[in-house]
Amino acid sequence: MKTFNFKNAFTLLMLLMLVFGCVTFPKKIEISHYLSKANMNALNGKYNIEEIYSGPTKDTTSSWNFSNSDLGHIPTFYDEFNNGIFTKLLNRDSSNIYTFTLKILNTKKIEINYFENDIAIARNILRYKLKDDGYVYLKNKNFKLVGIPYVFGGFSNKRNRLTLNNDNNLLFETSEFRSGGLFLLMVNPYSKMKYEKIYERME
């Protein structure tokens with residue numbers, strides 16, 4: 001009689017999750033604002049840190065995803081990129097104004113500065129890639145492990161991209177897959193989210 005092989009079970013589980021955990025974006029039928037090397041600087045500007053719209057990504061009716069929103073876990077643009085266990089949280093005061101700026105530094109890096117009443121409070125410098133579909137794809141530790149996956153922890157795989165819409169506001173899209181467990185028990189089997197947000201341009 002064959003005995004349970006923990007190593008093989010763990011390896012198989014990880015392979016299955018990596019296969020099903022692929023995060024992709026739909027191919028756009030219409031592009032709101034086509035970005036190219038010639039007009040990349042159009043992204044530069046100041047935006048409200050809270051979105052003015054949040055909902056499902058367009059052209060995703062046939063996509064296999066369980067949520068068309070961030071489930072209320074990501075209240076600001078800052079939280080999209082600063083949500084690690086040891087990352088400083090943004091504690092907002094309702095009487096203050098919070099914004100962020102985007103600045104293309106070069107062909108590989110983009111700078112994001114966050115402000116409270118026009119005083120700088122945080123900064124991200126992210127790598128990016130401009131693709132032929134007119135979107136800027138951000139690279140920010142997209143694949144993360146938490147603890148030992150399925151023994152005591154899990155993983156997440158997240159991709160972000162952005163462009164401008166017809167109103168010259170920032171269009172931000174996310175595709176994310178999460179899964180985790182405890183001693184090979186699927187406490188959180190998987191969750192797959194695809195959503196978009198629009199951030200109003202201030203300057």
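Modeller: Residues are numbered from 1 along each chain as its sequence is written, and side-chain values use heavy atoms, with hydrogens and water left out. Because the model is predicted, local features need pLDDT of at least 70 and side-chain atom pairs count only at pLDDT 80 or more, while totals for chains, interfaces and linings use all residues.

Colleague: Is Asn124 buried or exposed?

Modeller: Buried means under 20% relative accessible area, exposed over 50%, and partly exposed in between, with a 1.4 Å probe and protein chains only. Asn124 has a relative accessibility of 10%, so the residue counts as buried.

Colleague: How do the rings of Phe77 and Tyr199 pair?

Modeller: Rings of Phe, Tyr and Trp (its six-membered ring) pair if their centres lie within 6.5 Å, and planes under 30 degrees apart count as stacked, over 60 as edge-to-face and the rest as tilted. The centres of Phe77 and Tyr199 are 5.0 Å apart and their planes stand at 80°, so the pair is edge-to-face.

Colleague: Which residue lies over the face of Tyr135?

Modeller: A charge sits over a ring if NZ of Lys or CZ of Arg is within 6 Å of the ring centre and within 35 degrees of the ring normal. At 3.8 Å from the ring centre of Tyr135, the residue over its face is Arg161.

Colleague: Which residues do ring pairs link into a cluster?

Modeller: Phe77 is buried, with a relative accessible area of 0%, and Phe100 is likewise buried at 0%. Ring pairs link into a cluster Tyr47, Phe77, Phe81, Phe100, Phe172 and Tyr199.
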